[in-house]
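Biologist: I've got this one open on my screen. Walk me through it, please.

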Amino acid sequence: MANGTLAKDVSYLEYEGKHKGLAGWLLSVDHKRIGLMYLMGIMIFFFVAMTLGVLMRLEMLSPGETIMKPATYNSVFTLHGVIMVFLFIIPAIPAVFGNFMLPIQIGAKDVAFPRLNLFSWYLYMIGAILAIVSLFTGGGAADTGWTFYVPYSIRSAQNVSMTTLAAFVLGFSSIVTGLNFVVTIHRLRAPGMTWFRMPLFVWGLYATSWIQVLATPVIGITLALIMLERFMGIGVFDPALGGDPILYQHLFWIYSHPAVYIMILPAMGVVSEILPTFARKDIFGYKQIAISSLGIALIGYLVWGHHMFVSGMSDTSRIVFSLLTFLVAIPTGVKIFNWVATLYKGSIKFSAPLYYVLGFIFIFSIGGLTGLVLGALATDIHVTDTYFVVAHFHYVMFGGMGIMFFATMHYWFPKLFGKMYNEKIAIIACTVIIVGFNVLYFPFFIMGYMGMPRRYYDYLPQFQGWHILSTIGSWILVSGIVFMFGNLLYALLKGPKAPMNPWGGTTLEWKVPSPPPLENFDEIPVVTGGPYVHDKQTYIMHPGKEGIKANGGTKTVNQEAAL
Amino acid sequence: MSEQIHTGEMTAGQAHAAAHGEAEHSHAGAHAGGHMVGYGTYFMVWLGLVALTAVTVTIAGIQLGSLTLLTAMLIASVKTALVGYHFMHIKYDNKIIKVFILVCLVIFLTFWILTFSDLSFR
């Protein structure tokens with residue numbers, strides 16, 4: 001407050017503390033600024049990976065060489081996967097919107113460890129830079145696919161070591177953020193905010209954070225072992241040295257399958273925020289949705305073997321993992337049914353975020369149900385390593401997390417920047433995106449079922465019609481995405497000022513100004529009820545002014561609220 | 001970003017105090033910082049660790065077939081527990097920390113059992 005301006009009088013965007021200008025961002029420990037810095041980085045990498053994806057589709061427009069050589073194609077799909085997974089999908093919602101919204105939603109001034117939070121952003125950027133440097137050094141970009149399967153990743157002459165090092169560093173960023181969120185949720189909830197009064201986005205982040213803390217070290221160690229294999233030939237994975245390549249697949253998927261839930265659980269949390277807001281109704285089955293997040297996280301730990309049904313794993317394991325895989329459908333189904341039930345008899349307002357959510361439920365249901373085809377042992381053998389798998393995980397990852405990232409952008413944009421966007425354009429862009437997405441990826445299901453293998457540079461002429469359709473879909477999808485970001489960028493520069501609560505939301509972030517002040521709240525609020533109650537106030541924003549006794553009260557806030 | 005606050009079970013008085021920036025010492029904040037442990041205990045634990053290492057080395061020389069790995073892992077687990085419990089002061093920590101560690105151990109054990117369900121039946 002060197003310039004005499006109180007932090008509560010100006011927004012976090014305008015506040016000037018010890019450091020100004022760029023340093024005011026790069027050295028800021030404010031969770032909101034760190035969230036926006038993540039947003040900047042993540043958007044850049046999203047566009048890079050999206051461009052690589054479009055180039056892949058162009059290459060597949062006709063059989064044989066179209067725009068690139070086979071070796072380039074291998075590197076392009078590896079980078080598309082590595083960047084999308086590690087630099088966009090995993091960190092996007094937790095690191096951007098989790099950082100920004102978690103402390104506000106639980107009534108805190110910041111996360112538990114603000115400096116550690118900034119450190120995790122730097123780790124993310126170091127990992128990202130390493131990934132980019134790996135493109136141009138040491139024999140060229142990695143060509144193993146994002147899974148780095150041994151023994152090829154040990155023997156490849158391309159720059160696999162640096163790419164794995166990048167993923168290793170990014171993993172640490174993820175662990176640190178997860179740890180920070182777990183401690184924040186346990187220790188910094190506002191008075192009266194019991195576990196079952198937390199917004200469901202916070203529940204989603206809580207489940208995700210535990211996965212980040214517990215599963216990410218496994219991939220760190222595994223990638224470190226690959227480097228040791230490459231440099232020292234210690235023989236853990238390489239069968240030529242007595243190692244077991246299937247052990248690598250176990251270790252890789254012990255992390256990477258739960259990582260799918262790192263991607264989707266925060267997205268599901270946002271669905272549970274948006275639906276009650278636009279249905280003007282308390283969420284249906286709050287406790288069930290909250291606990292199903294933990295259920296998905298828990299069962300999600302135990303299903304990694306379904307990625308390895310044809311790898312030579314034992315029959316016993318195959319049966320066990322197949323059974324466990326089917327169990328994930330239960331908590332997921334609980335969520336889907338509760339979301340739909342929330343809309344039932346609601347006073348629905350069709351706004352852009354809700355359009356995205358409805359698109360998400362449709363697309364994610366297709367992604368989830370086709371997962372059952374892959375989870376069943378017999379049908380999995382037919383479609384393993386075909387375009388069917390590629391279609392399935394794009395429906396789940398992009399259709400699930402990606403579409404929800406767009407929904408989240410539209411839902412919290414007014415709060416982040418204090419500006420409103422053109423809703424009509426946003427809805428048109430959403431429609432174009434959902435149409436383009438399905439035109440791009442649905443043909444993958446058909447091609448995969450017909451036998452088109454994934455990661456192949458060339459293909460038989462019978463697949464060309466589907467490839468052309470899919471490539472046209474990629475153009476539609478990209479047009480929609482550019483249209484959407486254009487609309488948001490215009491709003492950022494010239495949009496009208498957003499009110500405090502443009503959507504009629506009931507959670508705490510809608511009770512503070514848009515954009516919020518540096519420390520979020522003048523006074524730490526007191527919580528007296530659930531997060532999605534529309535017909536009465538469940539927060540006391542200025543407890544000091546509103547008669548909550550200052551000293552020595554022996555009653556808990558909950559009891560006080562009940563009186 | 002100075003003072004940080006509270007849990008969901010705080011009293012209204014505490015809430016007010018926290019909101020006004022007074023130092024907050026939560027009831028769950030007790031920790032092992034000041035706990036004194038005698039050299040004797042540490043020495044005995046160290047002796048135990050050395051003895052268990054000797055047992056590991058001895059057993060490695062005996063043909064136990066598929067039990068070799070299991071035995072080595074069991075001894076290593078006991079050693080880990082001794083280090084964690086005494087040297088890392090888990091013995092004196094809050095219940096919640098113990099619960100967290102137990103959850104991590106159960107998950108690790110599950111990873112291990114599921115992975116070896118493949119190896120053992122292959």
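Modeller: Ground rules to begin with: helices (H or I, at least four residues) and strands (E, at least two) are DSSP runs, numbered from the N terminus. This is a predicted model, so local features need pLDDT of at least 70 and side-chain atom pairs count only at pLDDT 80 or more, while totals for chains, interfaces and linings use all residues. Residues are numbered from 1 along each chain as its sequence is written, and chains are lettered from A and ligands numbered from 1 in the order in which they are written.

Biologist: Where does R455(A) sit?

Modeller: R455(A) is in the loop between helix 14 (423-450) and helix 15 (464-494) of chain A.

Biologist: OK, zooming out. How many helices and strands in chain A?

Modeller: Chain A has 16 helices and two strands. Its C-alpha atoms fill a box of roughly 75 × 50 × 50 Å along the principal axes.

Biologist: What about the radius of gyration of chain A?

Modeller: That's 24 Å for chain A, which agrees with the value near 24 Å for a compact globule of 563 residues. The radius is taken over C-alpha atoms, and the globule rule is 2.2 Å times the number of residues to the power 0.38. As for burial, 53% of the 563 residues of chain A count as buried. Of the contacts in chain A between residues at least 6 apart in sequence, 81% join residues at least 24 apart.

Biologist: Which residues have the most contacts inside the largest nonpolar core?

Modeller: F88(A), V271(A) and A407(A), in a core of 168 residues. Helix 8 (residues 245-279) of chain A gives the largest share of that core, 21 residues. A nonpolar core is a set of buried Ala, Val, Leu, Ile, Met, Phe, Trp, Tyr and Cys residues joined through C-beta atoms within 7 Å. Leaving out neighbours within four places in sequence, V271(A) is in contact with W339(A), V357(A), F360(A) and M404(A).

Biologist: Next up, helix 7 of chain A. Where is the kink in helix 7?

Modeller: At A215(A), shortly before the proline P217(A), and the kink is about 35°. The bend at a residue is the angle between axes fitted to the seven residues ending there and the seven starting there. Helix 7 covers residues 200-232 and reaches 47 Å from its first C-alpha to its last, close to the 48 Å expected. That expected span is 1.5 Å times one less than the number of residues. Helix 7 is largely enclosed by the rest of the structure, because 24 of its 33 residues are buried. After helix 7 comes G233(A), with a positive phi near 55°.

Biologist: Which peptide bond is cis, with omega near 0°?

Modeller: The one from V150(A) to P151(A). P151(A) is in the loop between helix 4 (114-136) and helix 5 (152-155) of chain A. F148(A) has its place in the loop between helix 4 and helix 5 too, and it has a positive phi of about 50° although it is not a glycine. F148(A) is buried, with 23 other C-beta atoms within 10 Å. There's also a cis bond joining S514(A) and P515(A), with omega about -10°.

Biologist: Now chain B: how many helices?

Modeller: Chain B has four helices and zero strands. Buried residues make up 11% of its 122 residues.

Note on methods: A residue is buried if 20 or more other C-beta atoms lie within 10 Å of its own, exposed if 12 or fewer, and partly exposed in between; C-beta atoms are placed from the backbone. Two residues are in contact if their C-beta atoms, placed from the backbone, lie within 7 Å.
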